Amino acid sequence: MRIRVLLAALLVVLAAAADAAPIAGTASLAAACGWDGGNAVRPLLLDVSRVNDWVGEKILFSKNRLAREYDIAERTANLPSYFISPTMPMLQDPKAWRLQIAGLVREPLSLSLDQLQAMPRTTYTVKHHCVEGWSAIATWHGVPVSAVAERCGMLPQARYVRFDSFDSGYSNGWDLASAMHPQTILAYGMNDNPLPASHGAPLRLYSPTKLGYKMTKYLVSLTFTAERPGGYWEDQGYPWFGGV
């Protein structure tokens, strides 16, 4: 019975990918609605999520495929925002903020916002997809994660990247191929302005190839690891890969 369920789930995932829909998966959609099916259904939902992860990471993801870009005239007027803390996370002393880069690297780094802005810059206008079903178009400005990996001397043993936030301990884990994708950036700007607090200032992770919950806001650290990290929502049953 479980094999039939998993095969059916696989077909759903592949059909969604053919329609260019976000690979959200049953588990994440149920969680987004505040219901995970209860004890009888939860194991099957987690199995579907694992199938989603495997198909997204091993079959559908391409390190060379770029998400479509849009004209700035197509920007959405208002992009919804979210955070985990009871109130919007704000730094008391923004000038003291540093991004800590550690783990499997030759040279751990502590980078200021000015130093990040002095590195190679990427700007694109892309569509943002939320697991709850909405999408919006915005322009993002930042430094590719691959440029940061090169600067710190990422070691060949690294297979994953963990991104940590000052928003109530929010974190995400990414596979290395997704993190090194040319459109995966550490964004410090949005719509031709500095990144606002409502969207993760002073720095957030961004990629148009991932669902919104994978894009850690209010970044404080980036850690290269050999073991797959968990994540705030992923540990609650959301798909780990979270690709679009």
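Buried here means a relative accessible area under 20%, exposed means over 50%, and partly exposed is anything in between, using a 1.4 Å probe and protein chains only. With that in hand, we can take a friendly walk through this predicted model, in which local features need a pLDDT of at least 70, side-chain atom pairs count only at pLDDT 80 or more, and totals for chains, interfaces and linings use all residues. Residues are numbered from 1 along each chain as its sequence is written, and side-chain values use heavy atoms, with hydrogens and water left out.

**Confidence**

The pLDDT is the predictor's confidence in each residue, on a scale from 0 to 100. The protein averages 83, and 74% of the residues score at least 70. Residues 1–45 have a pLDDT below 50, and this stretch has 54 contacts in the model beyond near neighbours in sequence. A contact means heavy atoms within 4.5 Å.

**Aromatic pairs**

Rings of Phe, Tyr and Trp (its six-membered ring) pair if their centres lie within 6.5 Å; planes under 30 degrees apart are stacked, over 60 edge-to-face, and the rest tilted. Nine aromatic pairs turn up in a search of the whole structure. One of them joins W140 and Y206, a stacked pair with 4.3 Å centre to centre and 20 degrees between the planes. It links distant parts of the chain, since W140 is in strand β4 (residues 135–144) and Y206 is in strand β9 (residues 204–206), 66 residues apart. Helices (H or I, at least four residues) and strands (E, at least two) are DSSP runs numbered from the N terminus.

Are W140 and Y206 buried or exposed? W140 has a relative accessible area of 0%, so W140 is buried. Y206 also counts as buried, because its relative accessibility is 0%.

Y170 and Y232 are stacked as well, because their ring centres are 5.3 Å apart and their planes meet at 25 degrees. This pair also links distant parts of the chain: Y170 is in the loop between β5 (160–165) and β6 (171–175), while Y232 is in the segment after β10 (219–225), 62 residues away. Y170 counts as buried at 3%, whereas Y232 counts as partly exposed at 27%. Both belong to one aromatic cluster, formed by Y170, Y213, Y232, W233 and Y238.

**Charges over rings**

A charge sits over a ring if NZ of Lys or CZ of Arg is within 6 Å of the ring centre and within 35 degrees of the ring normal. Two such placements are listed here.

| Charged residue | Ring | Distance to ring centre |
|---|---|---|
| K210 | F241 | 3.5 Å |
| R228 | W240 | 4.3 Å |

S171 is in strand β6 and counts as buried, because its relative accessibility is 5%. Leaving out residues up to four places away in sequence, S171 touches R162, F163, D164, T216, G231, Y232 and E234. Y232 is thus a contact of S171 and a stacking partner of Y170.

L195 lies in the loop between β8 (193–194) and β9, and at 7% relative accessibility it counts as buried.

**Strands, a helix and cysteines**

Two strands pair if DSSP finds at least two bridges between them. Strand β1 (residues 99–103) and strand β2 (residues 109–111) pair in the antiparallel sense over three bridges, and a hairpin of five residues joins β1 to β2. L99 has L111 in β2 as its bridge partner. β1 also runs parallel to β10, with four bridges joining them; there, A102 has T223 in β10 as its bridge partner.

Which residues of helix α5 (residues 145–152) are buried? They are V145, A147, V148, A149 and C152. Just after α5, G153 takes a positive phi of about 75 degrees.

C152 has a relative accessible area of 1%, so C152 is buried, and C130 counts as buried because its value is 13%. A disulfide is a pair of cysteine sulfur atoms within 2.5 Å, and by this rule the count comes to zero.

**Toward the end of the chain**

V244 is in the segment after β10 and is partly exposed, with a relative accessible area of 22%. Its C-alpha atom is 9.7 Å from that of G212, a residue 32 places away along the chain.
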